[in-house]
Amino acid sequence: CCVDVDMFLVALSFAYFAKTLSGSYMKSTITQLERRFDIPSYLIGVIDGSFEIGNLLVMAFVSYFGAKLHRPKIIAMGCVLMSIGTFIIALPHFIIGRYEFETSVRWVVNSTNNPSPCPAGSPADRTPDGKLPQVPAAGCEGESNLSMWIYVFLGNVLRGIGETPVQPLGISYIDDFATEENAALYVGCVQTISVVGPVFGYLLGSLCAKIYVDVGFVKMETISITPADSRWVGAWWLGYLIAGVITLLSAIPFWFLPRSLPISGPRAPEKCTQEQTSFIKDSPLLKHKYPADEHTSFIEMAKDFIPTVRTLLAHPVFLIYLCVTIIQLNSLIGMVTYKPKYIEQHFRQSASNANFLMGMINIPAVALGMFSGGLLMKRLKLNIMGAAKFAFGTSLIGYILSLFFFAMSCENAKVAGVTLSYDSMDEISYDKHSVFTACNSGCACSSSDWDPVCGENGITYVSPCLAGCTTSAGSGKNTVFSNCSCVGVAGNFTASTGQCPQKDDCNRIFPYFLALSVITSFIISLGGTPGYMLLIRCIKPQLKSLALGVHALATRTLAGIPAPIYFGAIIDTTCLKWGQKRCGGVGACRIYNTTAYRIAYLGLTLGLRTISFIVFIPGFILLSRQVRQEERSALHGALTNGGTELEALRKEEFVICNSDQPQQTSDNSMDRQTRL
């Protein structure tokens, strides 16, 4: 008796917070997972899309049958499944061996006799492709053929299955039992919380990315890389354990919520008089929701499923809306998935910094935009056409501003043999260069190793061996290489571990990039809530839950699954230097062609948005026709009912005029005047 829609709103908001926190944490760990499992970006796209595969398996059935069953308890079961899936994602860390990053020199701690970075040898010792004959690493013969990333894939599938009922059943529950003027505001609140969750998800990703993956099991002084190194892997597993616990806690309130709530406000039947209820025969008030207490058999619901879906898909405005959102979500999902990686590679930020900036600067702007959009829709009292115009306008302005990202470019890192030729160190080029030259010909170096060192001349070399360094001093991060023949002509120049720092030009551009990113995110997200309410209001109320489910199913199938995969595959084509797995084979990318990366990433994002605007035009025309037709139908119905009543009054007037009873005439005249 003391439960109302506000309590459900709090519980649903917490569930949204939990699911979006774990989802955003997954996106914040894509580079960590790439390096830990030595996989390319397109496989990371497959893992990221596996969440949508889980949704695909059960979405339509949960949305349809769940709307007729106990919705809060179904949401609770989904939250439990999400938490189990999140724990499974972290499982590989506890069953896989310690992380061993590739390096060409093994430094001995507290030793004055470090091995030479330049082992004696000649080009004749190498294979035709420039690699040294490989000796299988210890333990490779016993390594399972089943890659550990499969566990991450399966755990994410289970997360997707568990998340399925939260959105369609939760939103429809609120829209059923909230007052009409508050429904848009409540949806805006839930959508805002769903954007606040990623703030904490990315901040958690930033924190875990600073911690070494095997913290507590290795001595940190023996680790020769820093969080800014492309081989660094943070404690990715720790965040999944935290997210799993939070998701499990979010399931608890739903077990105690009722199947239905008393309707308050203008929608309540007691607010309408008997005369109003009998006069408005087709009032949406009476058909607004599925009766929560109506026990329909499962077979009857199943028989009605296919015709209901056919009716929904025959709606032209809904189909156009579906196409537009699918195309726009392809752009949005691909952009968001690889944005931290874009910041890392293009502006040479660490994974921790990229996640921190996403969580503290970009995501709050989106949250503010979503909430402001819901508030503006309530204040301006936008109808369905007003919501469509508002959503289109904000998206178009954001699109125009996004074009300026093309001008914000950074010069690629100067890496000898990759972006620079050993013969010409002044100009960056992306032609095929050789890492072998006269200055390192006396060393038996491997071209597949990635152990970068920074020379005194400001050039990064793939490894100390390929820099021609013959001696080294110190240990770990403090190792200094000397007598590097490729660094200087005199042969006595030194090099230090890690890539050379970026120039000041890129540091000056980066704040402008962040500012424009915040502005565009805010403007685009302003149209989020009006666009979502457009989906709910453009179809019949009886089809609302199914429409939300079909919309989520279609967008996840045609956007959530393929977008990260083809975005990742295109990004892989811009890789300049691939890493090598411990047991042989191509690993994760170590350095990209930043110019090609920028054009591919931004071009694909904005190209998809351009297509969505073209598709929106016929949808806008159909929607305006539908609104005009509904207005004409309502007017025609009102005139028809009014004409029938007027004809009855005229007949009564004729009877009254021919009546011989003056008192009865007076009474009937007063009643007639009241009815008129």
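Cys 323 counts as partly exposed because its relative accessibility is 37% (buried means under 20% relative accessible area, exposed over 50%, partly exposed in between, with a 1.4 Å probe and protein chains only). Before you start: this is a predicted model, where local features need pLDDT of at least 70, side-chain atom pairs count only at pLDDT 80 or more, and totals for chains, interfaces and linings use all residues. Residues are numbered from 1 along each chain as its sequence is written, and side-chain values use heavy atoms, leaving out hydrogens and water.

**Exercise 1.** Work out whether Cys 79 is buried or exposed.

*Solution.* Look up its relative accessible area, which is 0%. Cys 79 is therefore buried.

**Exercise 2.** Describe the disulfide between Cys 575 and Cys 589.

*Solution.* 
- Step one: check the sulfurs, which sit 2.0 Å apart (a disulfide is a pair of cysteine sulfur atoms within 2.5 Å).
- Step two: read the angle about the S-S bond; at 105°, the link of Cys 575 and Cys 589 is right-handed.
- Cys 575 is in strand β7 (residues 575–580) and Cys 589 in strand β8 (residues 586–592), so the pair ties together parts 14 residues apart in sequence. (Strands are DSSP runs of E, at least two residues, numbered from the N terminus.)
- Step four: check the cover. Cys 575 counts as buried because its relative accessibility is 12%, and Cys 589 does so at 6%.

**Exercise 3.** How many disulfides does a search of the whole structure find?

*Solution.* The search finds four, including the link of Cys 469 and Cys 484.

Notes
Helix = DSSP H or I, 4+ residues; strand = E, 2+ residues; numbered from the N terminus.
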